[in-house]
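Thanks for asking me to look this over with you. My comments are set out as numbered points, to be read with the structure open beside them.

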Amino acid sequence: MGHWGELAQRGMDIFNFLTIAYFFAGNGVYTILMLVSLGSALVYNRRLAYQGLQELRDSPVTPPVTVVIPAYNEENSILETVRSALQSDYPDFRVIVVDDGSTDETLNRLISEYQLLRVDLIIRSPLPTRRLYGSYMNPAFPQLTVIAKENGGKADALNTGINFCRTPYFCILDADCLVEPDALLRLMRPIVHSPEETLVSGGIIRIRNGCKIAGGRIERVGLPPSWIEKLQVVEYLRGFLFGRLGWDLTGGTLIVSGAMAMFQRQRVIEAGGFSLRTVSEDMELIVRLRRRAAREKRRAQTCFILDTICWTECPSSVAMLARQRRRWQLGLCQTLQLNLPMFFNYKYGSAGLVSFPFHLFIEGLGSAVEFIGYLVVPLAFALRLALLNFYIPLIILSLLYASFLSVGAVLVEELTYRRYPARRDFYALLGWSVLENFGFRQMIVYFRFQGFLRFLAGLHHWEKVTHTAGEAEAG
Amino acid sequence: MPFFSQQVIYGVLALSAALFAVSFGLVIYAVGRRIRHEQDFQLLDEFRQRLLVLFAALRDGTLAYDEARAQVGALLRPRFQLRMEQILLEHLSVPADAPAIKRMVEDLGFADRWRQGLQGRNGAGGPGARRRLHGAQFSTRALNAENLGLIGHRASWKLLCQSLCDPNLDVQRVALRSLAAIGEPESFPVLVEHLQKTVAQPGAKLSERDLLAALACFPLRLCGHLLPLLRHSNSAFRRLALQILVEMTAAQEVEPKTVYLEDVERGDEVAGLILSPLADDPGAEIRARAARVLAYVRNERAAEKLRRLLKDEAWFVRLHAVRSLARRHDACATALLPASLTETHWRVREAAAHALSQWGATGVYQLVRAFQSTRDVYAREQIAEEIETSGEFARMLARCAASGAGLEFEALKGIVRMRKPGYFQADAKADGLASGRAAMLATLSASSHSEVKEWANQMRAQ
């Protein structure tokens, strides 16, 4: 072997070492999160028997809440979403739908369904937003207000909703989500019970594809028909049941799903509202609120509750899935970049010391590392730089580990919530949790890598994910 | 093969085998658990169905209580004791079943076991070590406290008070809730004391809101126990005591103006303190809460205090004074509230306009009069918004069509000149709202009054 060959071999050894280190660091953290979450979920399940939602519902101290629903071209799902939000079991709440300049029938469907009349609400804007076109109400539905505005993105629509919100807390809700009847109570419970200030309260989001829906409610939980949706069900279980829960337990929460989350209005206004500089405005706001609280030396917490709070619609085609994942990855990278001072900063506690570096190295850069790995390893095989008897067991281990984590998520679901009552669905979930790692995972890595490249290229635009299932399900 | 790789391969293979084994084992366990649970749930469903039939018979009078109790006792299975108890307690939501259930849980010895369990001496888990372990579990203690609260077990209030000092926060919280549900008057001063401790101790576990929610459930006649806090030198205590009063009065007011502080024991003393010095307290937070409680003070001085609080330097004090007047809805409120429509802070203006529109015809008249008399653009905007959002505009149109010209008709024209409401404007067609406008113009055109008809024609021509 010549000089260059030795050099390449040395380089490959270093690559091997880094691969192993990266593999164990990432999966090690995930394993710890899974074990912690399993224990926590089991305890939480026992506590459900005395959760006291009834008392919270009846209490005069329970603060009023506004549900803010930003909607852009959501004509298929908006009516079901608003219906489910209006049916919330909460003592005092309002719903504000912000039509973000939809080019479809979103606004007209709302006007016609609720017989809305155009009213002239006085515009008071603590947060700057795009131009408003009008506001709509019907005295027969005093809880509902619809605001129409120029298109400005989800963050701008949310800021508009906040401007019209009069309650101390508001809850953001995606226009393709169905709210669980007591979701607002569940989100408010940790806020009321905590002696500390709560920056955000979020919970578990599940996939509604495949469920039977009637009158804005999930009537029967089931698995969707297509493989791409089924695999996302497994993904969501893994992401929510031990990803987010685990971080919450360590106090390192940086992400609470923007599909539905509750915030304190005044704090959000003081922080400047949702940022237009990122496509992941929910995560960016949470990180910013955390930084602000730390800077002002306020004791504040983020809450992740282990209850299902809403059901969202997942993409049903590869093209839409690609859009969604590119956007998520782009938003993650943008948020991490905007908040780099948190990196290994002890002032932010575990969020700065553990969670932020993890999100940066494993979630942010992970897609690039994994994707490059998929290219480099076969190349190294071809050039005889990598040893088959080293990499084949490692690939098997990585697939087994990924399957173990996915199966673990399904088991956490089974041991605690059992939201999929049919035994057939449970077996199917177990099967798909293994199959997920053969093709689907690699595809997701590719989409995320694309998102990462867009971040590097400085691209900033929001890729709209359109849904088609809403109407069919509703029927 | 490089040394590093050789060493790692064995580890990787071993780990793969272990992972495979663990995953497989977990799957087998989960499948087995699901099958077992399905059988358990079937049994519990049967129990639930039997209870439904049994309680229906009890309500109909076709089954005697003793027989029903014996049947429930026979249905119970030690392995499902906790779950079956919960299923039984679910029937408390049926008011007709509640007395029988409360009696039954006493007679079947559940209440005693819950009391013992709350003290950590008992559990429903089974014999021996498992039983001791179960008894020590915080979730069992909390569940026992919850059950005692659900059945309103008055004899347990002291025990629940002791549980406020339980090492576990869940137990403390549930005990607090149960005490509120039981509502034993003697527990009120204990809770007030606990609140004091919570405020005084930094880093206390129970939140103020939890304690407030519990204390607000007690009857207003116990407000005398708050006097030491209302007189306290620490402003945090005064603020909390006032907040409790606000919540207690609001929670117990079934119909407007049925609750007054002076009607309850030591209420005069409390009202006196609120009138002076609390309504003049240097702390704006305290003045704001005092303003809220003044809504429930019959004393004539309350009106004078509210008049002064409407001019307070802090906008939220003025806001609470407006809300207080809205609740009073008396001559003083009728005289004072319209002035707040020209307030400098929009939240106060908004609250005043909303309060007036909630008063019905008299309030709307006040709004209309204020709209016509003021030159304050912000006030007129606010009134117009309230008239629109409350749906009053359509009713005003109908009234004008019936009664012809007058103050209301002038106000109506004024609102339309402000190009409001949007759906009444000529360009409403652009919003697909033409039918609403047409219907309203038709109402006006049908009027027997010429000036109304003429205006309708002008509007139509636009």
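1. Let me begin with A:T31. Setting aside neighbours within four places in sequence, A:T31 is in contact with A:Y401, A:F404 and A:L405. The residue is found in helix α1 of chain A. One of those contacts is also polar: the side chains of A:T31 and A:Y401 come to 2.7 Å. Is A:T31 buried or exposed? With a relative accessibility of 15%, A:T31 counts as buried, because the limit for that class is under 20%. Please keep in mind throughout that this is a predicted model.

2. Next, the contact between the two chains. Chain A brings 59 residues to the contact and chain B brings 68 residues. The area buried between chain A and chain B is about 5,500 Å², and carbon and sulfur atoms give 63% of that area.

3. One of the pairs to display is B:E38 with A:R423, whose side chains meet in a salt bridge at 2.6 Å, N to O. Across the interface of chain A and chain B, 18 residue pairs are in polar contact, with both residues at pLDDT 80 or more.

4. Which elements of chain A supply at least two residues each to the side that touches chain B? They are α1 (3-47), β3 (117-119), β4 (132-137), α6 (183-193), α13 (388-416) and α14 (423-435). The largest share comes from α13(A), with twelve residues. By residue class, the side of chain A that touches chain B divides into 39 nonpolar, eight polar and twelve charged residues.

5. From the chain B side, B:V27 makes a handy example. This residue lies in helix α1 (residues 3-60) of chain B. Leaving out neighbours within four places in sequence, B:V27 is in contact with A:V407, A:L411 and A:L430. B:V27 has a relative accessible area of 21% and is partly exposed, because buried would require under 20%.

6. Now to the sheet in chain A. Ten strands form an open sheet with mixed pairing, in the order β3-β4-β5-β2-β1-β6-β11-β8-β12-β7. At the edges stand β3 and β7 (178-179) of chain A, each with a single partner strand, so one side of each is left without a neighbour in the sheet. Elsewhere in the order, strand β1 (residues 65-71) and strand β6 (residues 169-173) of chain A run parallel and are joined by four bridges. To find your way along these strands, note that A:V67 stands opposite A:C171 in β6(A).

7. For a pair in another setting, turn to chain B. B:D263 forms a salt bridge with B:R298, the closest N and O atoms being 2.9 Å apart. The pair links distant parts of the chain, 35 residues apart: B:D263 is in the loop between α13 (235-252) and α14 (267-275) of chain B, and B:R298 is in the loop between α15 (284-293) and α16 (301-309) of chain B. B:D263 is partly exposed, with a relative accessible area of 47%, and B:R298 counts as partly exposed at 44%.

8. Last, a network in chain A. Salt bridges that share partners join A:E197, A:R267, A:E270, A:R292, A:E296 and A:R298 into one network. Over all chains, the whole structure holds 59 salt bridges.

Notes. Residues numbered from 1 in each chain as written. Chains lettered and ligands numbered in written order. Predicted model: local features only at pLDDT ≥ 70, side-chain atom pairs only at ≥ 80, totals over all residues. Heavy atoms only, no water. Contact = heavy atoms within 4.5 Å. Buried area = accessible area lost by both parts, 1.4 Å probe. Salt bridge = Lys/Arg side-chain N within 4 Å of Asp/Glu carboxyl O. Polar contact = N/O pair within 3.5 Å; in protein donor to acceptor, adjacent residues only side chain to side chain. Nonpolar A, V, L, I, M, F, W, Y, C, P; charged D, E, K, R; others polar. Buried < 20%, exposed > 50% of the residue type's maximum accessible area, 1.4 Å probe, protein only. Pairing = 2+ DSSP bridges.
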